[in-house]
Amino acid sequence: MRVRESATFMHASAEKYRQQCEERLNEMRASILRATPIAMCVWFAAAATGAHAAAADFPTPLPADTIPKVETLPAKYPTTWSFLNYAGDRIELRNVGSDSREVKGQLQARDSATLLVPDKRPELYVADTVWSRGSRGTRTDFITIYDTQTLNPIGEIVLPGTKRALITAMEGLITFTDDQRMALVFDFTPASSVTVVDLVKRQVLGEVEIPGCSLVYPSGTRGFSTLCSSGTMLTVRLDANGAVAGRSESKAFNPLDTDPLFTASTLVGGVRYFPSLHGRIQPIDMRGDEVKILPDWRLLAAADEAGQWRPSGWQIVASDEQKLLYVLMQQNAHEGTHKDPATEVWVYNTVTKTRVKRLRLARPGSSISLTHGVEQLLLVQAGERLDVYEPGGSLVRSMDLPGLHTRMQIEPIR
């Protein structure tokens, strides 16, 4: 009897508790419903006030962007634009003469991609390499042809033999000859040779062996020259079909054991200037079918020698239309520092063979170039930044180079 009474009591208590909970929930629902209109009115009022303030601050708002939106580049690029080769990551086209909207486009680039920028045709040429399994598998070397205005690929030339030299972007890996009709691609397996390509017909013409020599520099009407391990320069003349029409080799002039030349050079009036490790300049006249090794001259005075000044960096030399030579220089240089960033740029008159200016860099730089045209700018890659100077040496802007993990090749627009 007591158990039954206890159960009845517990049941009644539970029912009463349930009813109280239900009443409480109903009260909460009613409270929320009563509060909602007020909260919504406050929110809408705040939003309307903000919209009115925004409309007052910006009476002519920008129109909504069309997505996707593809821009077209001008048929002729301004001379304040420049290609920046990130050496395996991408090739970027930038307006180095502006502080905003400087990136104009990008070209695909993979393993040691190299770039040719012609002024004869509305095309760009990128020599590149891919593997079927990413970093392994079947290898394919090729030249991709891009339209200059859309940057869309419009053609491709496959290079045979998987021989293209895979070296980080630098001068001498690919060049024009025969008034930009042909391209010359340096091969290294480690046997060295040159693949000759007809860019107009989009076909490979042949291969020229250059044993013991490296890199290619255009020379003569239709040919190229290359630096050799004997300290000489080999020159090859080609016929209209890209076959060898003649060869000649210079006397030894490059002292590889004591003061070798950098492979980086610059062209002034048909004469190519190569700096040496210890501070010489070696001019070579490349205009004829037979190149002429001209007398070298010193970059350094006695005081510079005492301070152990030497050329250093990656793309270490540039020139302008006034026949001035710009060279990256570092102090306290010694064996093994020839690729270190430089702290100054020294400017030389190639006619008088004298230094006319010294420019102190805001931060050490590895690659250097100059834009062409009236608004000339000095471009210096300084780590993960591109520093832009006016010719007098004042820093006018510094641009971020996101993702750059190596040295850069700078290709200014002519």
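## Gln409 and its contacts

Setting aside neighbours within four places in sequence, Gln409 touches Phe83, Leu84, Asn85, Ala169, Met170, Glu171, Trp314 and Gln315, where contact means heavy atoms within 4.5 Å. Gln409 sits in strand β30 (residues 409-412); strands here are DSSP runs (E, at least two residues), numbered from the N terminus. Is Gln409 buried or exposed? Gln409 is buried, at 9% relative accessible area. Buried means under 20% relative accessible area, exposed over 50%, and partly exposed in between (1.4 Å probe, protein chains only).

Keep in mind that this is a predicted model, so local features need pLDDT of at least 70 and side-chain atom pairs count only at pLDDT 80 or more, while totals for chains, interfaces and linings use all residues. Residues are numbered from 1 along each chain as its sequence is written, and side-chain values use heavy atoms, with hydrogens and water left out.

Let's turn to β9 (residues 182-188), which is mostly covered: six of its seven residues are buried. On one pairing, β9 runs antiparallel to β8 (residues 174-177), with four bridges joining them; two strands pair if DSSP finds at least two bridges between them. Phe176 has Ala183 in β9 as its bridge partner. The two strands make a hairpin with four residues between them, and Asp178 in that turn has a positive phi of about 55°.

β9 also pairs with β10 (residues 192-198), again antiparallel, through seven bridges. Val185 is bridged to Thr195 in β10, and the hairpin from β9 to β10 goes through three residues.

## The four-stranded sheet

Another set of strands forms an open sheet, antiparallel, in the order β12-β13-β14-β15. β12 (213-218) and β15 (244-249) are the edge strands, each pairing on one side only. On average, neighbouring strands of this sheet are turned by 25° against each other, direction ignored; the axes are lines fitted to C-alpha atoms, and angles run from 0 to 180 degrees between N-to-C directions.

Four bridges link β12 to β13 (residues 223-228). Tyr217 is partnered with Ser225 of β13.

## One cavity

The structure has one cavity of 30 Å³ or more. A cavity is a set of points on a 1 Å grid over the protein atoms alone where a 1.4 Å probe fits but cannot get out, and lining residues have an atom within 4 Å of a point. The largest cavity holds about 60 Å³ of space, and its lining includes Leu277, Arg310, Gln330 and His338.

Technical notes
1 Å grid on protein atoms, 1.4 Å probe; cavity = no way out; pocket = protein on both sides within 12 Å on 5 of 7 lines; lining within 4 Å. Points joined across faces, edges and corners; volume = space filled by probe spheres on them.
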